[in-house]
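Okay, thanks everyone for coming. I'd like to walk you through one structure today, so let's get it up on the screen.

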Amino acid sequence: SMRIYLRYDEDHKPVMIGVKRVSRPGLRVYVGSDSIPFVRKKLGVNILSTPQGVMADREAVRRRVGGELLFSVW
């Protein structure tokens with residue numbers, strides 16, 4: 001399970017406007033550290049499950065690890 005905390009700006013509008021599940025039980029999507037796709041021209045974040053744990057795409061690129069692409073948030 002994963003816990004997600006929602007944030008709102010000063011006008012009480014949500015900061016996150018979209019979430020897309022990429023991998024699912026019937027279709028796993030695996031990416032290498034050099035082939036992680038961008039989300040909304042780097043304004044969003046991909047979440048990956050790697051051998052070193054669950055992390056954001058920027059951290060995975062920095063550590064040069066790939067893994068299962070779980071979902072995208074923008």
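Predicted model: local features only at pLDDT ≥ 70, side-chain atom pairs only at ≥ 80, totals over all residues.

We've got one helix and five strands, and reading from the N terminus the order goes β-β-β-β-α-β. The C-alpha trace spans about 40 × 25 × 20 Å along its principal axes.

Now find strand β3, residues 45-50. On one side of the story, β3 runs antiparallel to β5, residues 67-73, with five bridges joining them. One example is Val 45, whose bridge partner in β5 is Val 73. β3 also pairs with β4, residues 53-56, again antiparallel, this time over four bridges. There, Ile 47 has Ala 56 as its bridge partner. And to get from β3 to β4, the chain makes a hairpin through two residues.

On to the inside. The largest nonpolar core has seven residues: Val 31, Ile 36, Leu 48, Met 55, Ala 60, Val 65 and Leu 69. Let's zoom in on Val 31. Skipping its neighbours within four places in sequence, Val 31 touches Ile 36, Pro 37, Leu 48, Gly 66 and Gly 67. Over the whole chain, 28% of the 74 residues are buried.

The chain exposes about 5,900 Å², and 53% of that comes from carbon and sulfur atoms. As for charge, I count 14 positive and 7 negative side chains, with the centres of the two sets 6 Å apart.

How values were computed:
Residues numbered from 1 in each chain as written. Heavy atoms only, no water. Core = buried A, V, L, I, M, F, W, Y, C linked by side-chain atoms within 4.5 Å. Buried < 20%, exposed > 50% of the residue type's maximum accessible area, 1.4 Å probe, protein only. Contact = heavy atoms within 4.5 Å. Pairing = 2+ DSSP bridges. Areas by Shrake-Rupley, 256 points an atom, 1.4 Å probe, with all protein chains shown as cover. Lys, Arg positive; Asp, Glu negative; His and termini not counted. Charge placed at Lys NZ, Arg CZ, Asp CG, Glu CD.
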